[in-house]
Amino acid sequence: MEPVKVGIIGGSGLYQMEALKDVEEVAMKTPFGPPSDAAIVGSLDGIRVAFLARHGRHHSLMPSEIPFRANIYALKKLGVDYIISASAVGSLKEEVKPLDMMVPDQFIDRTQHRMSSFFGEGIVAHIAFGEPVCDRLAEILSDAVASLNLPEVNLHRGGTYVCMEGPAFSTQAESNLYRSWGASIIGMTNLTEAKLAREAEIAYATLALVTDYDCWHPMHDSVTVEMILDNLHANADHAQKVIQEVVRRLGENPPESKAHSALKYAILTPMDRVPPRIKDKLKVILQKYL
């Protein structure tokens with residue numbers, strides 16, 4: 001199969017890309033089990049992309065059940081160098097309103113029950129993660145949103161995404177705590193993806209689709225699934241237009257990213273000391289270092 005350079009991970013309410021042409025479903029196996037769903041490989045304006053429904057196309061996986069390692073490994077196996085992650089989030093700031101879009105540049109990890117590394121079992125790596133989002137890809141994503149002049153959509157460049165475990169939404173005490181930290185938005189998935197994408201040397205950026213004010217806002221009802229889906233459906237067309245524009249820009253001028261060499265100085269274990277079984281297990285990720 002022809003390598004696919006751009007991966008799109010769709011979250012709640014975004015389970016497919018209607019503009020994809022020449023579509024092929026690719027069911028994949030990984031050393032970490034099957035991904036959330038088959039990858040939908042096709043072309044956007046002549047550029048090969050792979051779309052993956054994070055929760056499965058029928059939304060059958062809770063955030064803690066998502067096979068994050070399998071998802072990122074599968075995209076890496078397809079040849080992906082850039083991941084655009086579209087995600088529903090709650091707002092932690094008055095000025096970040098429902099139906100707005102944000103391209104965050106930082107994360108806070110509040111998850112508890114997830115494997116967020118490919119390494120272990122005889123190989124140790126410590127990636128640099130001070131800047132967890134690829135700044136070049138985030139800039140392209142932000143510029144794409146701005147260029148489209150989408151009605152009723154305000155763009156926020158930069159901000160901190162709190163990644164909570166879920167599946168329950170925040171308590172008011174938690175929501176106000178995160179606000180006191182200066183965080184901008186809250187979700188349940190992207191931090192784990194970002195860590196694994198960095199280990200896989202894939203540039204990663206988030207298109208955050210704001211659906212609600214979490215539960216801290218005194219003038220708004222507490223978040224409900226119905227509220228989230230109503231707002232996501234209202235923004236789904238906009239999100240697809242943004243992603244299509246980002247893909248077009250990546251096709252014209254794919255940027256070099258620091259993420260593309262993230263493992264160069266991160267692996268502490270000498271390769272001749274890594275068990276052959278683990279080298280084989282991680283060969284898609286380690287191939288240029290073996």
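F107 came up first: its relative accessibility is 11%, so I put it down as buried. A reminder to myself that this is a predicted model.

**Rings**

I searched the whole structure for aromatic pairs and got 6. One of them joins F107 to Y161, edge-to-face, with 5.2 Å from centre to centre and 65 degrees between the planes. F107 belongs to strand β7 (residues 106-110) and Y161 to strand β9 (residues 160-164), so this pair ties together parts that are 54 residues apart in sequence. And Y161, buried or exposed? I looked it up: Y161 has a relative accessible area of 0%, so it is buried.

I also noted a cluster in which ring pairs link F32, Y73 and F118. Then I checked for a charge over a ring and found R179 over the face of W216, 3.6 Å from the ring centre.

**V6 and its surroundings**

Next I went to V6, which sits in strand β1 (residues 6-10). Its relative accessible area is 3%, and because the cut-off for buried is under 20%, V6 makes the list. What does V6 touch, once residues up to four places away in sequence are left out? I wrote down R48, V49, A50, V80, Y82, I84, V247 and L250. I also took the C-alpha to C-alpha distance from V6 to I47: 8.4 Å in space, for two residues that are 41 apart in sequence.

**Helix α4 and what follows**

I went through helix α4 (residues 190-199) for burial and found 9 of its 10 residues buried, so the helix is largely enclosed by the rest of the structure.

After α4 comes E201, with a positive phi. I placed E201 in the loop between α4 and β11 (203-212). Its phi is near 60 degrees, and E201 is not a glycine. E201 has 3% relative accessibility, so I count it as buried.

D45 is another non-glycine residue with a positive phi, about 55 degrees. I found D45 in the loop between β3 (39-44) and β4 (47-53). Is D45 buried or exposed? At 51% relative accessibility D45 counts as exposed, whereas E201 is buried.

I then looked at the peptide bond from G166 to P167, and I have it down as cis, with omega near 5 degrees. P167 lies in the loop between β9 and α3 (172-180). Strand β9 is also where I had placed Y161.

**Cavity check**

How many cavities of 30 Å³ or more does the structure hold? I got 1. The largest cavity has a volume of about 30 Å³. I listed its lining as M28, P35, D37, A39, L52, A74 and L75. Sorted by type, the lining has 6 nonpolar residues, no polar ones and 1 charged.

Note on methods: Residues numbered from 1 in each chain as written. Predicted model: local features only at pLDDT ≥ 70, side-chain atom pairs only at ≥ 80, totals over all residues. Heavy atoms only, no water. Helix = DSSP H or I, 4+ residues; strand = E, 2+ residues; numbered from the N terminus. Buried < 20%, exposed > 50% of the residue type's maximum accessible area, 1.4 Å probe, protein only. Contact = heavy atoms within 4.5 Å. Phe/Tyr/Trp six-rings, centres within 6.5 Å; stacked < 30°, edge-to-face > 60°. Lys NZ or Arg CZ within 6 Å of the ring centre and 35° of its normal. 1 Å grid on protein atoms, 1.4 Å probe; cavity = no way out; pocket = protein on both sides within 12 Å on 5 of 7 lines; lining within 4 Å. Points joined across faces, edges and corners; volume = space filled by probe spheres on them. Nonpolar A, V, L, I, M, F, W, Y, C, P; charged D, E, K, R; others polar.
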